[in-house]
Amino acid sequence: QVQLVESGGGLVQAGGSLRLSCAASGRTFSSYAHAMGWFRQAPGKEREFVAAISFSSGRTSYADSVKGRFTISRDNAEKMVYLQMNSLKPEDTAVYYCAAAPVAVAFAIVTSISEYRYWGQGTQVTVSS
């Protein structure tokens with residue numbers, strides 16, 4: 001199994017920054033390569049893709065709405081994934097989820113929500129105007 005625990009959410013003013021962290025654990029996570037992603041869900045809206053990173057090679061992908069403002073990174077040795085969020089806007093307000101997708105190819109990026117098998121509980125990010 002894979003356990004994912006997010007942290008780092010909170011209340012911030014527009015234009016501010018936050019860094020989300022996701023700690024991964026479990027025998028399955030250690031045994032197989034996993035691409036990682038961040039998703040978010042605002043009240044009354046569907047969960048949407050934010051950013052993804054491959055298991056190795058550092059390949060990344062971002063939603064157009066966050067491109068240039070958010071940066072995803074990972075530390076495989078520490079089993080951590082991060083989302084640095086800068087220039088935050090009120091429309092970034094949402095619950096942010098970390099997710100893991102097992103992959104056969106180490107440099108594969110996964111952006112489709114349906115391909116993610118494991119999910120964290122989420123962390124609330126609120127951006128005030």
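Trainee: Hi! Let's begin with R47: which ring does R47 lie over?

Mentor: R47 lies over the face of W119, at 4.9 Å from the ring centre. Keep in mind as we go that this is a predicted model.

Trainee: Noted. What about R19, which ring does its charged end sit over?

Mentor: That would be Y82: the charged end of R19 sits over the ring, 3.9 Å from its centre.

Trainee: Back to W119 for a moment. Which aromatic cluster is W119 part of?

Mentor: W119 forms one aromatic cluster together with F39, F49 and Y116.

Trainee: And how many aromatic pairs does the structure hold?

Mentor: Four aromatic pairs. One of them joins F39 and F49, with 5.8 Å centre to centre and 70 degrees between the planes, and it is edge-to-face. F39 belongs to strand β4 and F49 to strand β5, so this pair ties together parts that are ten residues apart in sequence.

Trainee: How do F39 and Y116 sit relative to each other, then?

Mentor: Their ring centres are 5.1 Å apart and the planes stand at 80 degrees, so the F39 and Y116 pair is edge-to-face. With F39 in strand β4 and Y116 in the loop between β9 and β10, the pair ties together parts that are 77 residues apart in sequence. Y116 is buried, and so is F39.

Trainee: β4 keeps coming up. Why is strand β4 largely enclosed by the rest of the structure?

Mentor: Seven of the eight residues in β4, which covers residues 34–41, are buried, so the strand is largely enclosed.

Trainee: Which residues other than glycine have a positive phi? I spotted S57 and S87.

Mentor: S57 has a phi near 80 degrees. S57 lies in the loop between β5 and β6, and it counts as exposed at 62% relative accessibility. S87 has a phi near 50 degrees. The loop between β8 and β9 is where S87 is found, and this residue is partly exposed, with a relative accessible area of 42%.

Trainee: New topic: how many disulfides does the structure hold?

Mentor: One. C22 and C98 form it, with their sulfur atoms 2.1 Å apart. The pair links distant parts of the chain, as C22 is in strand β3 and C98 in strand β9, 76 residues apart.

Trainee: Is that disulfide left-handed or right-handed?

Mentor: Left-handed, because the torsion about the S-S bond of C22 and C98 is about -75 degrees. C22 and C98 are both buried.

Trainee: Last one, T123. Where is T123 placed?

Mentor: T123 is in strand β11, residues 123–128. With a relative accessible area of 10%, T123 is buried.

Trainee: And which residues does T123 touch, leaving out those up to four places away in sequence?

Mentor: T123 touches E6, S7, G8, G9, L20, A94, V95 and Y96 on that basis. For G9, the backbone nitrogen lies 3.2 Å from a polar atom of the T123 side chain.

How values were computed: Residues numbered from 1 in each chain as written. Heavy atoms only, no water. Buried < 20%, exposed > 50% of the residue type's maximum accessible area, 1.4 Å probe, protein only. Helix = DSSP H or I, 4+ residues; strand = E, 2+ residues; numbered from the N terminus. Disulfide = S-S within 2.5 Å. Phe/Tyr/Trp six-rings, centres within 6.5 Å; stacked < 30°, edge-to-face > 60°. Lys NZ or Arg CZ within 6 Å of the ring centre and 35° of its normal. Polar contact = N/O pair within 3.5 Å; in protein donor to acceptor, adjacent residues only side chain to side chain. Contact = heavy atoms within 4.5 Å.
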